[in-house]
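Trainee: I have this one open for the first time and would like to walk through it with you. Could we start with the aromatic rings?
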Amino acid sequence: MDAESRRARFEALAPGLVEPLRRFLARRTDAATADDVLSETLLVCWRRLEDLPEDPLPWAYAVARHALANAERSARRQRRVAGKVAALDPPATTTGPVGGEADLPLEEALAALRAEDAELLRLWAWEQLGPGEIATVLGLTPNAVSIRLHRARQKLRDELRKIDAAAGHEGTRGRSRS
């Protein structure tokens with residue numbers, strides 16, 4: 001199969017797979033994990049396009065089920081490692097925000113995010129890790145980290161906008177944070 005016919009076959013199959021897989025995953029996990037697993041499942045479908053049967057949906061469900069199990073194992077492993085790290089090397093007690101009063105909105109916005117999103121942003125911004133390095137830390141693929149990082153940054157922007165709006169900062173309206 002040449003590259004063009006391979007691409008055409010995938011483009012013909014993918015629309016019929018996406019929504020059933022999205023519903024399948026949404027019933028089993030949270031939205032962010034479902035999106036990640038859906039991406040992973042479609043990637044496997046692309047890589048193994050020659051192995052797809054005539055009716056690819058059940059095969060894709062099996063791939064999604066295994067990818068979801070991998071994601072759940074990874075999440076459990078991350079929690080165990082975090083627990084061990086916290087027990088062995090507890091963080092130093094701080095008396096307040098790291099950067100002083102100016103970081104209070106950021107701290108508040110980070111606290112409003114899911115713990116996984118906040119950790120991802122901290123690894124990226126504070127530890128200066130790239131997606132490949134974060135993937136190693138969290139046991140994810142670099143692609144999943146990039147996707148999650150993009151979403152986490154958007155959620156942080158939204159939270160910061162809410163905080164600015166609640167504080168009555170009119171000067172920040174219409175201005176995007178990046």
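Mentor: Gladly, and keep in mind that this is a predicted model. A search of the whole structure turns up two aromatic pairs.

Trainee: How are the rings of Phe-10 and Trp-46 arranged, and how far apart are their centres?
Mentor: The ring centres of Phe-10 and Trp-46 are 5.3 Å apart and the planes stand at 80°, so this pair counts as edge-to-face. Phe-10 belongs to helix α1 (residues 3-26) and Trp-46 to helix α2 (residues 31-47), so the pair ties together parts that are 36 residues apart in sequence.

Trainee: And are those two buried or exposed?
Mentor: Phe-10 is buried, with a relative accessible area of 17%, whereas Trp-46 is partly exposed, at 30%.

Trainee: What else does Phe-10 touch, if I skip its neighbours within four places in sequence?
Mentor: With those left aside, Phe-10 is in contact with Pro-15, Leu-42, Cys-45, Trp-46 and Leu-49.

Trainee: OK, and the largest nonpolar core, which residues touch the most other members there?
Mentor: That core has 21 residues, and the ones touching the most other members are Phe-10, Leu-21, Leu-25, Cys-45, Leu-52 and Trp-59. Helices α1, α2 and α3 each supply at least two residues of this core, and α1 gives the most, with seven. Apart from this core lies another, of 18 residues, which includes Ala-109, Ile-134, Ala-135 and Leu-156.

Trainee: Switching to α3, how many residues does it have, and how far does it reach?
Mentor: Helix α3 (residues 56-88) has 33 residues and reaches 47 Å from its first C-alpha to its last, which is close to the 48 Å expected at 1.5 Å a residue. Among its buried residues are Pro-56, Trp-59, Val-63 and Leu-68, and the buried residues of α3 pack against α1, α2 and α6 (131-138).

Trainee: Which charged side chains lie over a ring face?
Mentor: Arg-28 lies over the face of Phe-24, at 3.7 Å from the ring centre, and Arg-153 lies over the face of Trp-124, at 4.8 Å from the ring centre.

Notes:
Residues are numbered from 1 along each chain as its sequence is written. This is a predicted model: local features need pLDDT of at least 70, side-chain atom pairs count only at pLDDT 80 or more; totals for chains, interfaces and linings use all residues. Side-chain values use heavy atoms; hydrogens and water are left out. Rings of Phe, Tyr and Trp (its six-membered ring) pair if their centres lie within 6.5 Å; planes under 30 degrees apart count as stacked, over 60 as edge-to-face and the rest as tilted. Helices (H or I, at least four residues) and strands (E, at least two) are DSSP runs, numbered from the N terminus. Buried means under 20% relative accessible area, exposed over 50%, partly exposed in between (1.4 Å probe, protein chains only). A charge sits over a ring if NZ of Lys or CZ of Arg is within 6 Å of the ring centre and within 35 degrees of the ring normal. The expected span of a helix is 1.5 Å times one less than its number of residues. Contact means heavy atoms within 4.5 Å. A nonpolar core is a set of buried Ala, Val, Leu, Ile, Met, Phe, Trp, Tyr and Cys residues joined through side-chain atoms within 4.5 Å.
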